[in-house]
Number of protein chains: 2
Amino acid sequence: MPSDLVVTRATIVTADARDSVIPEGAVAVTGGRITAIGPAAEIGRDAARVIEAPGMILMPGLINTHCHAADSLFRGLVEDLPLEPWLQTVWKAERAILDRATCRLGARLGLAELLLGGVTTVMDMFWHPQETVGAAKDLGMRVSTGGIFFDFPGMDGHIAERRVADAEAFFSEFAGDPMVLCGTFPHGAYTVGPENLAAARAVTDRHGGLFCTHAAETRAEVADIETRYGRRVIRHLEHLGLLDERTVLAHCVWLDDEEIEILARRRVTVAHNPMSNLKLASGFARIADMLAAGVRVTVGTDGAISGNDLDMWMALRMAATLPKAATLRADAVTTAQALRMVTRAGAEALGAGDRLGSLEPGKQADMILLSTDRAHAAPIFDPMTHVVYSAAKSDVRHVFVAGEQVVRDGELVRLDLGALLAEVRALAPRIAASIA
Amino acid sequence: MPSDLVVTRATIVTADARDSVIPEGAVAVTGGRITAIGPAAEIGRDAARVIEAPGMILMPGLINTHCHAADSLFRGLVEDLPLEPWLQTVWKAERAILDRATCRLGARLGLAELLLGGVTTVMDMFWHPQETVGAAKDLGMRVSTGGIFFDFPGMDGHIAERRVADAEAFFSEFAGDPMVLCGTFPHGAYTVGPENLAAARAVTDRHGGLFCTHAAETRAEVADIETRYGRRVIRHLEHLGLLDERTVLAHCVWLDDEEIEILARRRVTVAHNPMSNLKLASGFARIADMLAAGVRVTVGTDGAISGNDLDMWMALRMAATLPKAATLRADAVTTAQALRMVTRAGAEALGAGDRLGSLEPGKQADMILLSTDRAHAAPIFDPMTHVVYSAAKSDVRHVFVAGEQVVRDGELVRLDLGALLAEVRALAPRIAASIA
């Protein structure tokens, strides 16, 4: 029986557990899944569509485990401030601007940037998460999100008391949707008290969902939590029973040795956001120590307000290199470890290691084709090295999610980017005025 | 009299001393120089060529103050090693591969990447520097280079005794060429003894040229120089009388407070290479302290063997953000300071502050046009913030050097990139074999 799609003659970086690279490879896709992968000579070309990709690199779509896509609306609005005062100003703008429509618009903007850059799955925390899902569906992208928890009235105008109902409603709407990986998203231990953290956990536990929060991002946060609860952030979260293999903690910059050991033992995922940690002066996360301790480390872009873009390739490069300088060890993170952070480990973090994160038979055909007709792409001695240390977002030519092409020749298939940008620019004066 | 060229209706980031931004601006060029710049309404359109650039950003070409362009041939060949053993392996490959022809090929590859990424002037240290100049002329780019000094036989096969003659020959050939900023380039204090450092200095002093060397890149280098000469690197160079406003020191990662003060007092330029310092595990340069002390800091990509690309935008982003995390101060480097590092300060470092580094009347028309029809380019609240924190190499659409267009719509005007890449790829098996 013919396949739906065969991509052939590409160099395939599978990102599988053996880090297999197939120099002249092909992949066959049917019903959104990979049915066969191997040397081009061994994969039949009997398919509804055959893409000849000589000289290109085929690899799994990148998985971004921490983002606030819709915050792209506020990109570059507030600069050169540390996290806490910066957040106060950002929140002022968010309060003034955000409603369901602007959340949808912002999510489209952020997710469009990610998808064009080869990110096929993103874990996103934002107000009105249904709008984030809507935007992802508008684009044809996978998203992990869900109800936010926040002790104060949120930027969506909702009060703390309705967060459980909101989160439940999200699960009701999207549980079982293969394009949505549901969870609950309490903002952080410094903005959500133990009771509401427990409530968020209870909702996601009822549905077998994910649990994601900001944790130990700044020194000030650690001091705050210690003052309030007598424990550092990770120990506080452990004490509350919130840490397990479905937990994704964003940032984790300020950890002591025991906290790293806790994260490893509890099989928690750390979503490392190198660019945001640099720009907001949060510090250098102890990635090498986490890897050595066996912590699952993944990579996020964070939002474009702390970036100021959503470039997973830059985040990958930073994740691969910052720990080398921080430890003065050039092998602090290897090429294979870095690649894993943005592929397989990301999938495992989202509880989807069986269907995402690598190109293997039976997995979803979430995959990207990279051009190598670039000055930075010659010579290539090792395709994995190229992907980690040389490739750029602008190399991404074609993107497939569940076998469907959603980026073609560097352009969105489903959405008109120009019209989207025009809509964002029309809103910009009102955004600027919101903090004036 | 009509101008040669008018670019109009662009947002102009001038990078001048007042950080002027002209929202709807125009620039007129005649004889390779800027004759007028200002609001589009005030600049006449009487020109041989008028480029309408609404929605684009016009700014000076970036100045990269440290590179080894031809080393792009060895991109990704040696990975995950610290500088010293890494350098031994790289040198083995260089010895086996480099001759005048391969230096020209490598320089074309590296400089093509830079020029396509909006770098109009680069300070480059490499074997057979005449070939680097040749490659720059093939592309239409400005370059600062000159004779290398090295105590051991070099990768060009030349022995130390002929370095003075080589360096003199370089000055003879290129002194006075407006496209070439000549100097001498002793490799480093750990590979060039006091006598040859002095000889290199004497040559460049005779011609009023520049003086560039690697300095204080790693802890091991500092220990080595201290053991040999009883002084840390910067004090050693000062003791030898090598430090003044025509000196460019690459890296300067390991400095004590007194050395920073020396660099400021002697008006030395530090060429900061953030990506290389990360990848080779050299460490974090004390950029915030240098800026506070009044040291002129510029930015380099270093070579693609330690990068693994020549992306000045990534280098700029790192230069702007790494010091924030290193100091835990979000204003450790401001947007304006970061932009200056890759424009005006770079020009001043090369003794060309009067003719390069900003868009002002009388200066050379080295300028680039950036697209903003990108998901990462909306909204733009401040064009300078956009340039420093969001812009990417793939935004560079048009590049002009001395008024001549050398990149058009993202493609080299003078050289066929595809043919160049094919030539590099044909050489790759021999390069791989050289260290096998």
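Predicted model: local features only at pLDDT ≥ 70, side-chain atom pairs only at ≥ 80, totals over all residues.
Close-up 1. Look for A:Asn273 in the loop of chain A that runs between strand S12 (269–272) and helix H9 (274–279). Setting aside neighbours within four places in sequence, the contacts of A:Asn273 include A:His66, A:Ala250 and A:His251. A:Gly300, A:Thr301 and A:Asp302 are also in contact with A:Asn273.

**Close-up 2. A:Cys252, a residue with positive phi in chain A.** Here the backbone is the thing to inspect: phi of A:Cys252 is near 50°, a positive value in a residue other than glycine. A:Cys252 sits in the loop between strand S11 (247–251) and helix H8 (257–265) of chain A. Is A:Cys252 buried or exposed? Its relative accessibility is 0%, so A:Cys252 counts as buried.

**Close-up 3. B:Arg9, a positive phi within a strand of chain B.** B:Arg9 is not a glycine, yet its phi is positive, at about 70°. This residue belongs to strand S1 (residues 3–13) of chain B. B:Arg9 is partly exposed, its relative accessible area being 34%.

**Close-up 4. Helices H3 and H4 of chain A, side by side.** Two packed helices are described by the angle between their axes and the distance between the axes. In chain A, the axes of helix H3 (residues 129–139) and helix H4 (residues 163–174) come within 10 Å and cross at roughly 25°. That angle is under 35 degrees, so H3(A) and H4(A) are roughly parallel to each other.

**Close-up 5. The cis peptide bond between B:Gly307 and B:Asn308.** Omega is about 5° for the bond that joins these two residues. B:Asn308 lies in the loop of chain B between strand S13 (296–299) and helix H11 (312–327).

**Close-up 6. The cis peptide bond between B:Ala378 and B:Pro379.** For this bond, omega is about -10°. To find B:Pro379, follow chain B into the loop between strand S14 (367–370) and helix H14 (383–389).

Terms used
Residues numbered from 1 in each chain as written. Chains lettered and ligands numbered in written order. Heavy atoms only, no water. Helix = DSSP H or I, 4+ residues; strand = E, 2+ residues; numbered from the N terminus. Contact = heavy atoms within 4.5 Å. Axes fitted to C-alpha atoms, helices over the stretch in contact; angles between N-to-C directions. Parallel < 35°, antiparallel > 145°, perpendicular 65-115°, else oblique. Buried < 20%, exposed > 50% of the residue type's maximum accessible area, 1.4 Å probe, protein only.
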